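Keep the 3D view open and follow along as we go from the inside of the fold to its loops.

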Amino acid sequence: MGKAGHVLRQVLEEFEVSQYSLAAALDIERNSVYRWANEKSDPSGETIVEIVRALKTLSPEAAKAFVDRYLLDEIS
């Protein structure tokens, strides 16, 4: 468990996107984002896509970094 969450935490910290703002963009409770970022649970594949879309609205650079880091490890 935790690959997506680990990458998400890194990206949120690096691009200074708060868990609260991501949760608001996703229209979910912040504790869901907290659980992902702290590797307590994994977002589903569909949720990963939603996270990328939400990050694009908050920080396109963060969205790109998340996709690059998450997918690059998956296909490398």
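## The core

The largest nonpolar core has 21 residues, and L8, L22, L55 and F66 make the most contacts inside it. A nonpolar core here is a set of buried Ala, Val, Leu, Ile, Met, Phe, Trp, Tyr and Cys residues joined through side-chain atoms within 4.5 Å. Two or more residues come from each of α1 (3-14), α2 (19-26), α3 (30-37), α4 (45-58) and α5 (60-75). Helices (H or I, at least four residues) and strands (E, at least two) are DSSP runs, numbered from the N terminus. In general, nonpolar side chains tend to be buried together in soluble globular proteins.

What does F66 touch, leaving aside its neighbours within four places in sequence? F66 is in contact with A4, V7, L8, V11, I48, I51, V52, L55 and L71. Contact means heavy atoms within 4.5 Å.

## Where the model comes from

This is a predicted model: local features need pLDDT of at least 70, side-chain atom pairs count only at pLDDT 80 or more, and totals for chains, interfaces and linings use all residues. Residues are numbered from 1 along each chain as its sequence is written, and side-chain values use heavy atoms, with hydrogens and water left out.

## The whole chain

Count up the secondary structure and you get 5 helices and 0 strands, in the order α-α-α-α-α along the sequence. The radius of gyration is 11 Å, close to the 11 Å that the globule rule gives for 76 residues, so the chain is as compact as a globular protein of that length. That radius is taken over C-alpha atoms, and the globule rule is 2.2 Å times the number of residues to the power 0.38.

Of the 76 residues, 37% count as buried. Buried means under 20% relative accessible area, exposed over 50%, and partly exposed in between (1.4 Å probe, protein chains only). Now look at contacts between residues at least 6 apart in sequence: 63% of them join residues at least 24 apart.

α1 has 12 residues and reaches 17 Å from its first C-alpha to its last, close to the 16 Å expected at 1.5 Å a residue. The expected span is 1.5 Å times one less than the number of residues. Its buried residues are A4, G5, V7, L8, V11 and L12. Seen down the axis of α1, they fall within an arc of 165 degrees, so they line one face of the helix. The arc is that of the directions from the helix axis to the C-beta atoms.

For α4, the 14 residues should span 20 Å at 1.5 Å a residue, and the end C-alpha atoms are 20 Å apart, which agrees. Buried in α4 are T47, I48, I51, V52, A54 and L55.

## L26, at the end of α2

L26 lies in helix α2. Is L26 buried or exposed? It is buried, with a relative accessible area of 14%. Leaving aside neighbours within four places in sequence, L26 is in contact with V33, W36, E50, I51 and A54. L26 and E50 are 24 residues apart in sequence but 7.1 Å apart in space, C-alpha to C-alpha.

## Two loop residues

Most residues other than glycine have a negative phi. E16, in the loop between α1 and α2, has a positive phi near 55 degrees. At 73% relative accessibility, E16 counts as exposed.

D27 lies in the loop between α2 and α3. D27 has a positive phi of about 60 degrees although it is not a glycine, and it is exposed, with a relative accessible area of 71%.
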